[in-house]
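Student: I would like a close look at a single part of this model. Please take me through it step by step.

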Amino acid sequence: MSIDRVLSKLWVPALLLIVLVLLATFTRYASAYTVILVTSILMYVVLTVSWSIFSGPTGYISLASAAFFGVGIYTAALLGTKLPLPIVILIGGLASSCLAFLVGALTLRLKGTYFAIFTFGLVELIKHLLLWYEIRMTGTRGRFVIVVDNNTIYQVMLAIFVLLLLTAYLVRRSRWGLALKSIGENEQAAAHMGVNVTLVKVSTFALSAVFMGAAGAIMATRWTYIDPYIAFNYFLSFMPVLMAIFGGLGHSFGPILGAAVFAYLEEVLITRFPYYYMLLFGIILLVVIVYLPNGLMGLVQTWRTRRLERQHATA
Amino acid sequence: MDTKDLSRREFLRGAAVAGAGLAAAACGPTPAPTAAPTEAPAAAPTETAVVTPVKDKIVVGMSRPLSGWNATIGDAAFRPIYETWVPMVNAEGGIYVEEYGKKLPIELIIYDDKSDVGTMTRLTEKLILEDKVDFLWPASGTAFIFAQAPIATKYGYVLITAEGGATQIKDMLPSLPGVFVTLSFSDWYQLPVLAEILAAKGAKTAYVSYIADLHGIEYSGVAGIEFPKQGIDVVGLKSLPPDIKDLSPVIKDADASGADIFCCFAYPDQNMPACGTSMELGYNPKAWVGGPGVNFGFYHAAFGPAVEGLMGFTAFARGSSPALDQLADTLYEGKPEEINDWWGHPYYWAGLDVWKAAIEKAGTLDQEKIRDVIASASPENPLETVLGPTWFDNGLLAKETHPGEIGQWINGVFEVVGPTDKATAELVYPKPPWPTG
Amino acid sequence: MLTFLNIAIAGLLLGGLYALIAMGLSLQYGVARVLNISHGEFIMLGALTTYTLYSVAGINPLLSLAIAGPAAFALGYIIHRTLFKRIAASSESPAIFESNSMLAAFGLLFIIQNLALIVWGPETRGYSYLAFPVNVGGALFGANRLVTLGFSVLIGLAFYLFLARTRMGKAIRAAAQDPETAGLMGVNINWVLALCFGFGAAMAAMAGALISMCYPVHGVMGIEYAVIAIIVVVLGGLGSIPGSFIGGFVLGLVGSIVAYFEPGLTLAAYYGIFILLLLAKPTGLMGK
């Protein structure tokens, strides 16, 4: 094996290791605000990757992300002062997971768009019921959340991200992942082949919600004040979908790349061009979708193909 | 949708690419605000030098709702004020700061928080940590202030608020020594005055509808305390969800209750249809009171002569004082009526005046000294603003400095009708019938 | 009895607007397969245009229907021909087209809203038009609201007849049911889809014109209506124009019944009924 081949095999894991080490030691050398910004980008990455664990292979577009995230937020608001932070985050994840399990079980018969809009309606239903409950029963609308220092928030978010990556990887590699893919290709055929379609769908949905809930619980401590409108903001349901499409739905790493670039781009626009943020962002979305129908990963792949072709030509 | 068979190698490669992207995004140069369309570049962080400090401007940062649902509020309330006030002050060379021995012009850094609290908290920390602004000006809305005030306090910044204020913040203010609230609100000191002037005219019963949020709950709660104090019974209470469209059940319910006073403690999206529906149904209570919105010129522009007799919250009218008359000329003369705001505008303006006066008095840009100057202002030792002598009462703009509390549309002008000693016109009670045709 | 009449008519008044908005989206979503989240922006454009024409030039809002509708049609038609057609051509499968067009619709929402804020500014606007009571069997209602109901039903029915009776309508229905077969049968599918998108935008703008007669309007009003429209379209059954029409009235009536007892739960009721109905009938009211 030539040195070249060895290098070409090793550079990917090496780079991954370097990036993880960089991220893990980030708070030591990055500026205080960069840590905050990366926390926020990581939040979007976590939401998008969790979303794509279920929706990627199965093709079921879930718009319930805001509900799972919001449950985590309310967990932090209700329990933040009473329990230690790791327990609160764990409870946030588990509570979201229970909700996802329930939703998954309820929506078994729904297909395609009906599933998407059902999950969307659910977020709104929860928001309005919670609002009504808070006003009628507790006489409040908003709640204050315990304040946690920014580096801790970053580290927790990074931990969630790493766990999520591992989980996503293991799911894809396992028979479970194959079963999910077969559901996406043809649900009936999958059932005939002996896949327990119900169990696989519902449990994956519940699994993906754990991370969204946990992310919500830790993020709430950055927002300091929340109410049902802030916690159950339907833009947060659409964001993971948009970010995944932006990155490229057909690629395993599209969601990560999409979320990171999308979130960073937004930060640049709202600070550099505050009066034209929406206009510019809208134009970018249109340009990307028209010229890169397979998302940003489509672009990466094109580059790679070209490079390979060039290598062939020179060889 | 994943069409490729995913091998471990591909996984790692993809992870590395994406990770590199993430890292690049993270480590990449964070945007300097230099390209903001209306602003010049931000100041370099200032070293508080020991001997002769050098500084050529005061940098002020803001996270504002330039897009999203909150833009209709923020852009109509505080934005026209700072966009008028800053050029006026800069035209005179800026604010004199003794420490530097000269006048320093003001420079604004403005970011768009997309009407999102999470984004606002992040941008606030960006302004403080990265842009190292000298001062922070407020975000828009009560919920946003709740989230922003603890951050400002954490970094030792003074925060004089604009849009928003609530009874709930009163309890928080002792733990927020650098936060000063300028806008008047329910029990500070609107509803006690409302109850008093209506009771004086013989009103006995009230029907209260309110929006299901912080604002509405507070106003309905305070009304439930202040009305009975003046012998007015609250005979009906209805909450409205923020996105309610059809108000006719509420108006019919209010009509059936026969109450003298109808209150709609909600925003324009609700209280404008409430007014329209009242008109359409011929519901004409003796007093019709609306929340934020009635105080804007656009209410008159929208309803024309039908606004006659409608009551709302206010601060001033022409005739309140010569300084305020001049303010009205500066802000509204030769502009469309829609932009007039008789409630919030003078308070936001006064907030900026307080800030300027405190800097001049302290002779420094040091947050703590400026905070002390504002906090120690008193009736004997006030700061001069457009409202006249101004001071704060436990972090709230003292009610003695309010030029008015309750307004009413009379002959096409939103007059101050309460408290009576500050009124520019007498309360019309009962209100005239809706115009016909 | 009078209470019942009150609730029923109030429900119909709101339902008429919802029906009109939903029919427009039904064409875009049910036929052209674009989850057009920017639908509400066309409502906003119609509303603000009507407001401007009325307050600046004194043009009767009902006349504005005939101005805003065709203008929005042209805009929608052009957007489909230039944008969504390209996306359809470059997307490998219908599923990819659906997700890509959703992203594009968000882009449109952002662009239109920002432009509207630049053109009209942030202020909330409104005007009084036909604001006097009309007695309907003892129940009182605003004349302007009754007029909006009348026009909603009229536009809805006219469009239904158009779909049922004309050649163009048949082509649209064929495309809604089975685009591939319709294409084979000689229907120019791109043209039909662009027409649907245009009609959808026109209905949104006309609904916006009607909304401006009763409700305050501003640059960020759209999304709220778009959300309702999405719910109604799915409630009625994808691709079913009558389903959307009926679904709008169902939602309006449910809203007004709940509002009578507890206004705070109106919106929860919208979503509650939507969720219950889908659980009972997973393809909506009139879905196949």
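Student: How many residues does the contact take from chain B, and how many from chain C?

Tutor: Keep in mind that this is a predicted model. The contact takes 37 residues from chain B and 36 residues from chain C.

Look at the chain B side. Several elements of chain B give two or more residues to the side that touches chain C: α2 (71–74), β9 (233–240), α9 (248–257), α10 (268–281) and α11 (297–303). The largest share comes from α10(B), with nine residues. Now sort the residues on this side by kind. They divide into 19 nonpolar, nine polar and nine charged.

The domain assignment gives chain B two domains. Domain 1 covers 33–42 + 49–181 + 342–401. Domain 2 covers 190–314 + 404–422. The C-alpha centres of these two domains of chain B lie 31 Å apart. Their contact takes six residues from domain 1 of chain B and nine residues from domain 2 of chain B. On the domain 1 side of that contact in chain B, the residues divide into four nonpolar, two polar and no charged.

Now pick one helix of chain B, α5 (residues 142–154). Check its length. At 1.5 Å a residue, its 13 residues should span 18 Å. The end C-alpha atoms of α5(B) are 19 Å apart, which agrees. There is a bend of about 30° at Gln148(B). A proline, Pro150(B), follows within four residues. α5(B) is also mostly covered, with 10 of its 13 residues buried. Among them are Phe144(B), Ile145(B) and Phe146(B). Gln148(B), where α5(B) bends, is buried too. Just after this helix, Gly156(B) takes a positive phi of about 75°.

Finish across the contact, in chain C. Helix α1 (residues 2–31) of chain C has 30 residues. From first C-alpha to last, α1(C) reaches 41 Å. That is close to the 44 Å expected at 1.5 Å a residue. α1(C) bends by about 30° at Leu25(C). Most of α1(C) is covered: 25 of its 30 residues are buried. Just after α1(C) comes Arg33(C), with a positive phi of about 60°.

Now return to your question. Chain B gives 37 residues to the contact and chain C gives 36. On the chain B side, start with α10(B), the source of the largest share.

Note on methods:
Residues numbered from 1 in each chain as written. Chains lettered and ligands numbered in written order. Predicted model: local features only at pLDDT ≥ 70, side-chain atom pairs only at ≥ 80, totals over all residues. Expected span 1.5 Å × (residues − 1). Bend = angle between axes of the 7 residues up to and from the residue. Buried ≥ 20, exposed ≤ 12 C-beta atoms within 10 Å, placed from the backbone. Domains from an automatic or database assignment. Contact = placed C-beta atoms within 7 Å. Nonpolar A, V, L, I, M, F, W, Y, C, P; charged D, E, K, R; others polar.
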